[in-house]
Amino acid sequence: SGGGSHKDGEQNNAQSFTTIPLSIDQNPDSPGEKERILDSGGYVSPPPEPGLTARVWLDPNMTQIGLAMARSIGDHAVKGVGVIAEPVVSVHTIDEELDEFVIIATDGVWEFISSEDAVDIVGRCLYGTDGEKQDASEACEALIKAATAKWHEFEGNYRDDITAMVIRLKDLWSVV
């Protein structure tokens, strides 16, 4: 989920949420992304193992810079080989009755945490399905801790940027 993904949870009852993905990953081997990269002189390698992402490379031997996303802000070294900063924009009309919260996070969160798991983690915190209700900041912290633990489990001491926001929509409506 390069650059930050947007996920949304709808509450069905106190313990069950429907996950509505608000973005799609623009991986280097995705249709359209791969063709643009190859047409620009870049190289795309397949994922090194299941669960990992393909990479964009500057050279065919894959010895220079490699990037695990096809769209990025500020990665100027790979701009010339088809990595672009233009976002894919989607629209979701918020239903004030059903939509409960939005999760906005960087790819470091989504690398090992699925949208469904993220919505479950945040929903359990916000609605007290684990005992006590927490605020959006605490739910966000729980998501970040879960992502950090997954990085440690799969990558040891290395981890990508993990940044997230949780926005409780019901709180927004009560302020207006």
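**Strand pairs and a charged patch**

Strand 3 and strand 4 (residues 55–57) run antiparallel to one another, joined over 3 bridges; strands here are DSSP E runs of at least two residues, numbered from the N terminus, and two of them pair if DSSP finds at least two bridges between them. This is a predicted model, with local features needing pLDDT of at least 70 and side-chain atom pairs counting only at pLDDT 80 or more, while totals for chains, interfaces and linings use all residues. Residues are numbered from 1 along each chain as its sequence is written, and side-chain values use heavy atoms, leaving out hydrogens and water.

- Three strands make up an open sheet in the order 3-4-5, with antiparallel pairing.
- Strand 3 (43–45) and strand 5 (66–67) sit at the edges with a single partner strand each, so one side of each has no neighbour in the sheet.
- Y43 has W57, in strand 4, as its bridge partner.

**Strands 6 and 7**
- Strand 6 (residues 99–105) pairs with strand 7 in the antiparallel sense, over 5 bridges.
- Look at I104 and you'll find its bridge partner in strand 7, M165.
- In a regular strand, side chains alternate between the two faces of the sheet.
- Strand 7 (residues 164–168) has A164, V166 and R168 on its covered face, with M165 and I167 on the uncovered one.

**The negative patch**
- E132, D135, E138 and D171 form a negative surface patch (residues with over 30% relative accessible area and no salt bridge, like charges joined within 9 Å).
- One of these, E138, belongs to helix 4 (residues 136–155); helices are H or I runs of at least four residues.

Notes. Buried means under 20% relative accessible area, exposed over 50%, partly exposed in between (1.4 Å probe, protein chains only). Patches are made of residues with over 30% relative accessible area and no salt bridge: like charges are joined within 9 Å, nonpolar side chains (Val, Leu, Ile, Met, Phe, Trp, Tyr) within 5 Å. Accessible areas come from the Shrake-Rupley method with a 1.4 Å probe; for residues, only the protein chains shown count as cover. A salt bridge is a side-chain nitrogen of Lys or Arg within 4 Å of a carboxyl oxygen of Asp or Glu. Lys and Arg count as positive and Asp and Glu as negative; His and the chain ends are not counted. The place of a charge is taken as NZ of Lys, CZ of Arg, CG of Asp or CD of Glu.
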